[in-house]
Amino acid sequence: MSVALSLQGVHRHFGHTLVIQGIDLEVQTGERVAVIGPNGAGKSTLFHLISGKLKPQKGRIELNGQRIDGLPPHAIHRMGLARSFQITNLFAAMSVYENLRCSVLWSLGHGYSCWKFLSGLKDANQRTEALLDQLGLGHKRHSLAMNLTYAEQRALELGVTLGSDSAVLLLDEPTAGMSRSETRHFIDLIRQVTHGKTLLMVEHDMGVVFELADKIAVLAQGQVMAFDTPDKVRQNPQVQSAYLGVQAEGRTAHA
Ligand SMILES: Nc1ncnc2c1ncn2[C@@H]1O[C@H](COP(=O)(O)OP(=O)(O)O)[C@@H](O)[C@H]1O
Ligand SMILES: [Mg+2]
């Protein structure tokens with residue numbers, strides 16, 4: 001197995017607030033890793049550090065053995081890492097098809113502005129069709145993104161993330177705001193479309209986390225409290241009292 005993503009001693013503070021306080025993490029190629037932890041633990045910040053939106057003040061981040069910390073997001077994206085945003089990031093006045101096609105074209109190096117002039121680009125068209133099919137959004141291809149249901153928008157957003165065909169995906173709370181049944185459905189979709197890819201995902205639904213993840217990273221106070229298989233994490237006394245125990249008392253994980 002090869003290492004897809006490696007973090008060594010990563011630190012990030014905002015002013016006097018220490019948010020990420022020395023994170024070490026190694027994700028193998030093809031692994032699905034769930035990142036869990038209470039609100040404010042630094043999960044989104046961690047994803048921003050990996051994707052290049054934020055730079056660490058200390059430490060090292062590698063993607064497939066190549067150093068990426070300090071590089072701009074588009075450079076990291078080109079090296080094979082795609083992320084979805086916690087906030088929906090779609091072109092509201094464009095159709096489902098156009099949103100997907102833009103993402104495919106962007107990854108092929110054409111930029112957003114060119115889509116109109118490249119309708120003959122077979123490669124991109126085929127990939128867009130395949131994405132529509134995978135997402136189950138074929139019947140909505142002509143709908144504007146803003147007219148989709150919330151769950152459909154999240155599916156489209158997932159498709160936009162997948163459009164680049166990146167091998168490593170970061171999804172920050174992809175099921176946020178969904179009902180339990182929508183969440184179940186969406187996780188099935190994530191499972192299908194991320195087959196063979198390396199996935200790092202922030203997720204609050206513990207049922208989903210324990211079912212989907214090969215490994216779970218528990219973040220607390222900006223550090224990795226545990227990083228192991230779901231079974232081992234479940235049995236970890238430190239995690240139980242600090243995190244899972246809270247849930248057992250009827251409060252939500254992110255309360
Ligand atoms: N740009 C920023 N400036 C100042 N503080 C920030 C910034 N981004 C995040 N924080 C702080 O970092 C902490 C962790 O935030 P975040 O990574 O969003 O946590 P999580 O995603 O685990 O809920 C919070 O206390 C938050 O207020
Ligand atoms: Mg967050």
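This is a predicted model: local features need pLDDT of at least 70, side-chain atom pairs count only at pLDDT 80 or more; totals for chains, interfaces and linings use all residues.
Biologist: How do α3 and α5 cross?
Modeller: Helix α3 covers residues 96-107 and helix α5 covers 150-162. Their axes come within 7 Å and cross at roughly 25 degrees. Axes here are lines fitted to C-alpha atoms, for helices over the stretch in contact, with angles from 0 to 180 degrees between N-to-C directions. Helices are DSSP runs (H or I, at least four residues), strands are E runs of at least two, and both are numbered from the N terminus.

Biologist: Parallel or antiparallel?
Modeller: α3 is roughly parallel to α5. Roughly parallel means under 35 degrees; over 145 is roughly antiparallel, 65 to 115 roughly perpendicular, and the rest oblique.

Biologist: Which residues make the contact?
Modeller: V96, N99, L100 and S103 from α3, with L156, G159 and V160 from α5. Contact means C-beta atoms, placed from the backbone, within 7 Å.

Biologist: And by class?
Modeller: Four nonpolar, three polar and no charged residues. Nonpolar is Ala, Val, Leu, Ile, Met, Phe, Trp, Tyr, Cys and Pro; charged is Asp, Glu, Lys and Arg; the others, Gly among them, are polar.

Biologist: What about α5 and α6?
Modeller: Those axes come within 11 Å and cross at roughly 15 degrees. That makes α5 roughly parallel to α6.

Biologist: Who touches whom there?
Modeller: On α5, A151, R154, A155, L158 and L162. On α6, E182, F186, L189, I190 and V193. The class count is eight nonpolar, no polar and two charged residues.

Biologist: New topic. Where does N64 sit, and what is its phi?
Modeller: N64 is in the loop between β4 (58-63) and β5 (66-67). Its phi is near 50 degrees, a positive value in a residue other than glycine. Most residues other than glycine have a negative phi.

Biologist: Where is E173?
Modeller: E173 is in the loop between β7 (168-172) and α6 (180-193). Phi of E173 is near 50 degrees, also positive.

Biologist: Is E173 buried or exposed, and why?
Modeller: E173 is buried, because 21 other C-beta atoms lie within 10 Å. The cut-offs are 20 or more other C-beta atoms within 10 Å for buried, 12 or fewer for exposed, and partly exposed in between, with C-beta atoms placed from the backbone.

Biologist: How does N64 count?
Modeller: N64 counts as partly exposed, with 17 C-beta neighbours inside 10 Å.

How values were computed:
Residues are numbered from 1 along each chain as its sequence is written. Chains are lettered from A and ligands numbered from 1 in the order in which they are written. Two residues are in contact if their C-beta atoms, placed from the backbone, lie within 7 Å.
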